[in-house]
Amino acid sequence: MGEIRMHTVFLGIGTNLGDKEHNILRSYELIEQRVGEIVKRSTLYNTEPWGFLSENGFLNSVICVETKLLPRDLLKATQGIEKEMGRKEKSHNGNYHDRIIDIDILLYDDLMLSEPDLVIPHPLMEKRDFVMRPLREIREEKTDKITKQLTS
C-alpha cells in the first residue's frame with residue numbers, strides 16, 4: 001500500500017469580532033486537530049478592514065500547515081472550523097462583513113486550481129497587504145515564486 005503524501009498549505013486567518021487573539025489561537029488548535037501540523041506561524045498583525053467599512057479592526061496571521069487533506073477536503077475542514085467558531089456566512093460577490101473568524105486557503109503546494117468555489121492560489125491575496133506581509137514573513141522564496149506566476 002502506498003504512503004500518503006503530505007501537502008504544504010498556507011492559510012490566511014483573520015478576525016475582527018470578540019477576543020481576537022483568542023479567536024486566532026482557537027483556530028490554530030482546531031486546524032491542528034482537523035487539518036494537520038502547523039509548522040510555521042507569522043506574527044499577528046493588526047490591520048484595517050479591507051473591502052468594507054467597520055469600526056472593528058482585524059487581527060490577521062498566516063500559517064504553514066503540513067496536511068494529508070486534498071484541496072476539497074481542506075476547504076470542507078476550514079469551513080467547518082469557521083462554522084463551529086460561530087461564523088454565520090461567507091462573503092459573497094465582494095460583499096464583506098465583520099467576522100469572528102475567516103480562514104482562506106492561500107497556497108497548496110504548487111497547485112493552480114480554478115473552480116467556482118475554490119481558487120488556488122487565492123485570487124485576491126496579492127492585493128491584500130494583510131496577507132502578503134505575513135506570508136513573506138514565513139515563506140519568502142515560495143511567495144516570490146507564486147507572485148511571479150500570478151503576474152506573468
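A few ground rules come before the details. Residues are numbered from 1 along each chain as its sequence is written, and side-chain values use heavy atoms, with hydrogens and water left out. In this predicted model, local features need pLDDT of at least 70 and side-chain atom pairs count only at pLDDT 80 or more, while totals for chains, interfaces and linings use all residues.

**The helix pair**

Helix α1 covers residues 20-34 and helix α2 residues 71-84; helices here are DSSP runs (H or I, at least four residues) and strands are E runs of at least two, numbered from the N terminus. Their axes come within 10 Å and cross at roughly 140°, with axes being lines fitted to C-alpha atoms over the stretch in contact and angles running from 0 to 180 degrees between N-to-C directions. That makes α1 oblique to α2 (under 35 degrees is roughly parallel, over 145 roughly antiparallel, 65 to 115 roughly perpendicular, and the rest oblique).

Who touches whom? On the α1 side you'll find Arg 26, Leu 30, Ile 31 and Arg 34, and they meet Ala 77, Ile 81 and Glu 84 of α2 (contact means heavy atoms within 4.5 Å). The residues of this contact split into 4 nonpolar, no polar and 3 charged; Ala, Val, Leu, Ile, Met, Phe, Trp, Tyr, Cys and Pro count as nonpolar, Asp, Glu, Lys and Arg as charged, and the others, Gly among them, as polar.

**The salt bridges**

The structure holds 7 salt bridges, each a side-chain nitrogen of Lys or Arg within 4 Å of a carboxyl oxygen of Asp or Glu. Among them are these:

| Pair | N to O distance |
|---|---|
| Arg 5 and Asp 109 | 3.6 Å |
| Glu 29 and Arg 26 | 2.8 Å |
| Glu 115 and Arg 72 | 2.2 Å |

Arg 5 sits in the segment before β1 (7-15) and Asp 109 in the loop between β5 (102-108) and β6 (113-115), so their bridge ties together parts 104 residues apart in sequence. Arg 5 is exposed at 54% relative accessible area, whereas Asp 109 is buried at 16% (buried is under 20%, exposed over 50%, partly exposed in between, using a 1.4 Å probe and protein chains only).

Glu 29 and Arg 26 are 3 residues apart in helix α1, about one helical turn. Both are partly exposed, Glu 29 at 42% and Arg 26 at 27%.

Glu 115 counts as partly exposed at 31%, and so does Arg 72 at 37%. Finally, salt bridges with shared partners join Arg 26, Glu 29, Arg 34 and Glu 84 into one network.
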